[in-house]
Amino acid sequence: MTVTRRDLLAGAMAAPMLATAASGAVPSSAIAPQDKAPDNEAYWGSVAAHYDVTRDVIQLENGNWGIMARPVMATYAGLVERVNRESSYYARRDMIADLRAVRARVAAELGVGADEIVLTRNATEALKALIGGYNRLRPGDSVLYADLDYDAMAASMRSLARLRGVNVRRIGLPEPATYQGLIDAYAQAFDADPKIRMVLLTHLSHRTGLVLPLREIVAMARARGIDAIVDAAHSWGQLDFDFAARGVDFAGFNLHKWFGAPLGVGFMYVRKGRLDAIDPDLANEPGPGIDARIHTGVVDYAAALAVPAALDFQAGIGAAAREGRLRALRDRWVGQVRELDGLDVLTPEDPRLHVGTTSFRIRGLASLEDNLAVTRALLERYRIFTVHRTDVAKGVCVRATPALFTSFADFDALAAALKDLVPRMRR
């Protein structure tokens, strides 16, 4: 069967309408835009109806990746069929232009130039290229990262000792954190080693959900002659923010987390005028453009081509509404357990320092074994799926992450479970 563009669009429109009818939720089209309030369960129920998610458990581990909504899945399936059917006849004639259009769409969404980004398979690939390709380091220089940075990025930073002959510094970010306290922590680290030339900054930590005062720290680093490489894998799409206003020169992003594109799509950003600081990939001939800084080989072309469908779906919700909902879901459960004796919530109440992702630790239970036991108990006793996170300076923790299909009832269940579980596990 030949699938036309009209077929794809029809499938994208029909799937959510059928799903909504089957679920009994109020159709999105029946709800006025002003009703996208974070606590309007009717509207957010209609959004949730676009997702096929397991009901075997309450899924509160949505930081790994964001599942595709039905319209995106339908588009992706059609593109997989087309790429498979037309193969190199399409790939060698029209696909490059289509992928360039995807890149232009992503760049416009971020508010940067299309020549400042290149598609990758994920943020890890983008950040590994930036860290490994950063060529402004000399033997004896220093680089800095923090305990809340992503594992692969921390390992990449440590590898610079061997590859570039630099000193690698690591700091533990304050817990509990404050806005000024985070700025001060980086200022003190910079001042403690005047040879620091590059710093890794994770805008929103996958470990605890803590959001850094990015603009202030980037500016502070630049004033000291320090370049910042920014991990935005979890921030863009959770936070509604003006990226260009943050003053970032180098960053890595995902599109399969908070925008719900198919797995295997991210991108790397390098501000115009800074490309000379990043070496071309070893597999590429040296070239002047950003494309030379990444070499992925053959990838899932259909996944990248489906990105506009994911962006379209998210545009129908809106960045501000999405952030507001994720915040409301986080606040729903945190507000019920913040004063629970024996439980530490690891993101502050300051709204500048959190969005949706938030971790907790049962006081006195800071080991890997302890927190594996917590996640196991939540799953086996209460059918709530969460994940433990390691390498936090003050101990291992458990992360709870919402999605657009998560309900207030889901997080009420988490709060009730913690009220029952915490006293049991502290005995």
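Is Phe190 buried or exposed, and what is its relative accessible area? Phe190 is buried, with a relative accessible area of 3%, where buried stands for under 20%, exposed for over 50% and partly exposed for what lies in between, with a 1.4 Å probe and protein chains only. The model is a predicted one, in which local features need pLDDT of at least 70 and side-chain atom pairs count only at pLDDT 80 or more, while totals for chains, interfaces and linings use all residues. Residues are numbered from 1 along each chain as its sequence is written, and side-chain values use heavy atoms, with hydrogens and water left out.

As for confidence, pLDDT is the predictor's confidence in each residue, from 0 to 100; the protein chain has a mean pLDDT of 92, and 92% of its residues reach 70 or more. Over residues 1-31, however, pLDDT stays under 50.

Aromatic rings come next. A pair of aromatic rings is described by the distance of the centres and the angle of the planes. Rings of Phe, Tyr and Trp (for Trp, its six-membered ring) pair if their centres lie within 6.5 Å, and planes under 30 degrees apart count as stacked, over 60 as edge-to-face and the rest as tilted. By this rule there are 13 aromatic pairs. In one of them, Tyr186 and Phe190 have ring centres 6.2 Å apart and planes at 50 degrees, so the pair is tilted. Both residues belong to helix α7 (residues 179-192), and because they are 4 residues apart there, about one helical turn separates them; helices (H or I, at least four residues) and strands (E, at least two) are DSSP runs numbered from the N terminus. Tyr186 is buried, with a relative accessible area of 0%.

The rings of Phe243 and Tyr269, by contrast, have centres 5.0 Å apart and planes at 90 degrees, so this pair is edge-to-face. Since Phe243 lies in the loop between β6 (227-231) and β7 (250-254) and Tyr269 in strand β8 (residues 266-270), the pair ties together parts that are 26 residues apart in sequence. Phe243 is buried at 3% relative accessible area, and Tyr269 counts as buried at 3% relative accessibility. Ring pairs link Phe243 and Tyr269 with Trp236, Phe253, Phe259 and Phe267 into a cluster.

Charged side chains also meet rings: Arg82 lies over the face of Tyr90, at 4.0 Å from the ring centre, and Arg325 lies over the face of Phe408, at 4.7 Å from the ring centre. A charge sits over a ring if NZ of Lys or CZ of Arg is within 6 Å of the ring centre and within 35 degrees of the ring normal.

Technical notes
Contact means heavy atoms within 4.5 Å.
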